[in-house]
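Hi,

Here's the structure I promised to pass on. Have a look at it first, and then read my notes below.

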Amino acid sequence: MNDTPVIETARLRLRRLVADDAEALYPGLSDPETMTWWSRAPLESPESTRDYLATRQKDGWRAWAITRNDDDHALGWVSVGEKRQGGVSEIGYFLIRAAWGSGRAREAVAGVLDQLFRVEEKRRVFADTDPDNAASRGLLERLGFTPEGNLRGEWETHIGVRDSVIYGLLREEWLGERA
């Protein structure tokens, strides 16, 4: 899906993620700490990062690069996959370690949620995260997501077989929070 509109927030500009963002994102995607809870091991080279980013917009997924309003340097991304008809999407996100703790992940995900719920009128958005990823779980909960279930042994990753916690957010919950 190529319909990835530019989204402006107070501090950020979210634009389509492209393979040319590899140089900016390689330090994060090759960092073992940043990649601990990711479904794959850290990337080995800028070239593998470019290849990986080139695949982020396939199979019904869109990805927005997170950049500052005054700088087009990618700090991470927010991705959205259309999971089923009837307005249900999955959301995911990644932020380089240098931007952790800045509120940028929350601002970027909130901007995409506004796009999904207000503009595209999605019914439901869900996220899948590792139960031990406290930062991701905290972000989802601060945004109003509710934990809905635990999938045992869901992912085979570079750190072993991992469970997955599914979080969900309904359109009326998001719009009610912002009313």
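**Notes on the structure**

Arginine 124 is in contact (heavy atoms within 4.5 Å) with Gly87, Val88, Ser89, Phe117, Glu148, Ile166, Gly168, Leu169 and Leu170, leaving aside its neighbours within four places in sequence. Before going further: this is a predicted model, where local features need pLDDT of at least 70 and side-chain atom pairs count only at pLDDT 80 or more, while totals for chains, interfaces and linings use all residues. Residues are numbered from 1 along each chain as its sequence is written, and side-chain values use heavy atoms, with hydrogens and water left out.

Back to arginine 124, which sits in strand β6, residues 124–129 (strands are DSSP runs of E, at least two residues, and helices are runs of H or I, at least four, numbered from the N terminus). Arginine 124 is buried, at 17% relative accessible area (buried is under 20%, exposed over 50%, partly exposed in between, with a 1.4 Å probe and protein chains only). Its side chain makes a 2.9 Å polar contact with that of glutamate 148 (a pair of N or O atoms within 3.5 Å, one able to donate a hydrogen and the other to accept it; residues adjacent in sequence count only if both atoms are side-chain atoms).

Next, the helices. α1 (residues 22–29) and α2 (residues 46–54) pack at about 105°, with axes 9 Å apart (axes are lines fitted to C-alpha atoms over the stretch in contact, and angles run from 0 to 180 degrees between N-to-C directions). That makes α1 and α2 roughly perpendicular, a label for 65 to 115 degrees (under 35 is roughly parallel, over 145 roughly antiparallel, the rest oblique). On the α1 side the contact uses Ala22, Leu25, Tyr26 and Leu29, and on the α2 side Pro46, Thr49, Arg50, Tyr52 and Leu53.

How many salt bridges does the structure hold? There are 18 (each is a side-chain nitrogen of Lys or Arg within 4 Å of a carboxyl oxygen of Asp or Glu). One of them joins arginine 68 and aspartate 71, at 2.6 Å from N to O; arginine 68 is partly exposed at 27%, and aspartate 71 is partly exposed at 29%. Another links glutamate 90 to lysine 83, with the closest N and O atoms 3.3 Å apart. Here glutamate 90 is buried at 14%, whereas lysine 83 is partly exposed at 37%.

Cheers
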